[in-house]
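Dear colleague,

I am handing over the structure below, and after it I set out what was found. Please read the notes with the coordinates open beside you.

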Amino acid sequence: MGQGGEKMRTLIINGSPRKNGNTMYFINKIKEKIECDVIDAYYVKFSPCIDCGKCVKGCCIYDDEITEVLNKIDEYDNIIMATPLYYNQPTGVLMSMMSRTQMFFVSRKNLKRKRGYIICVGGGDTVINSKDAEKTMRIMLMGLNVRVEGYVRCLNTSNVRAQEDKEANNEIDNIIEQLMRA
């Protein structure tokens, strides 16, 4: 429960284009146990940041599908960012969408502290590790006043599907437990 006994709210930011892929497997596993909102970066209409400078005043020149989520960001207690890795980084669409959160740290808006979790999924010969992606995602979440408390790393999906990755499933189960206790 949140402050005053209200229900904790969780937002999942999904950077995957696949509706039934490995990243979505972990998101669905969370959704089975935790009530949450999901924003799919590939399926919302938005414009990326153009560094116009209006955000210094705490608002954005765009009014699109991501605006409503950004205007309500402080209603969330937990933010989970989930993405497949492209060249050991979050997907470009996710990074483009998250560029809009610049308005929070440029305007120095005081957002309430949130707990955060990162889910990195990758396969193929180019996935060496997820450290670079995790660093990028941690920086993006910092602007939303998110303290990252857990990670899921599923980095061999070319050979082992997410459902079969025991370590990654243990990590997601731990995150679900933390969210259920909150």
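In this predicted model, the largest nonpolar core has 31 residues, of which Ile 13, Ile 79 and Met 97 touch the most other members; a nonpolar core here is a set of buried Ala, Val, Leu, Ile, Met, Phe, Trp, Tyr and Cys residues joined through side-chain atoms within 4.5 Å. Two or more residues each come from strand E1 (10–14), H2, strand E3 (78–84), H3, H4, strand E4 (114–121), helix H5 (131–142) and strand E5 (146–154), and H5 gives the most, with 4 residues. Helices (H or I, at least four residues) and strands (E, at least two) are DSSP runs, numbered from the N terminus. Leaving aside residues up to four places away in sequence, Met 97 touches Ile 13, Ile 39, Ala 41, Val 44, Phe 46 and Ile 66, where contact means heavy atoms within 4.5 Å. Apart from this core lies another, of 20 residues, among them Ile 27, Ala 82, Ile 119 and Ile 175.

As to the conventions, residues are numbered from 1 along each chain as its sequence is written, and side-chain values use heavy atoms, with hydrogens and water left out. Because the model is predicted, local features need pLDDT of at least 70 and side-chain atom pairs count only at pLDDT 80 or more, while totals for chains, interfaces and linings use all residues.

Val 69 lies in helix H2 (residues 65–71) and is buried, with a relative accessible area of 18%; buried means under 20% relative accessible area, exposed over 50%, and partly exposed in between (1.4 Å probe, protein chains only). Not counting residues up to four places away in sequence, Val 69 touches Leu 11 and Ile 39, and from Ile 39 it is separated by 30 residues in sequence and by 8.4 Å in space, C-alpha to C-alpha.

The structure holds 11 salt bridges, each being a side-chain nitrogen of Lys or Arg within 4 Å of a carboxyl oxygen of Asp or Glu. One of them joins the side chains of Arg 100 and Asp 64 (2.9 Å, N to O), and this pair links distant parts of the chain, 36 residues apart, with Arg 100 in the loop between helix H3 (92–98) and H4 and Asp 64 in the loop between strand E2 (37–40) and H2. Both Arg 100 and Asp 64 are buried. Glu 68 forms a salt bridge with Lys 72, the closest N and O atoms being 3.5 Å apart; Glu 68 is exposed at 52% relative accessibility, whereas Lys 72 is partly exposed at 28%. Arg 9, Asp 37 and Glu 75 are linked in a network of salt bridges.

A search of the whole structure finds 0 disulfides, a disulfide being a pair of cysteine sulfur atoms within 2.5 Å. The sulfur of Cys 36 is too far for a bond, because the closest cysteine sulfur, in Cys 120, is 18 Å away. Cys 52 is in no disulfide either, the nearest cysteine sulfur, that of Cys 55, being 6.3 Å away.

On the surface, Val 56, Phe 105 and Val 106 form a nonpolar patch with about 250 Å² of accessible area together. Patches are made of residues with over 30% relative accessible area and no salt bridge, like charges being joined within 9 Å and nonpolar side chains (Val, Leu, Ile, Met, Phe, Trp, Tyr) within 5 Å, and accessible areas come from the Shrake-Rupley method with a 1.4 Å probe, only the protein chains shown counting as cover for residues. Phe 105 is found in helix H4 (residues 102–106) and counts as partly exposed, at 42% relative accessibility.

With best regards
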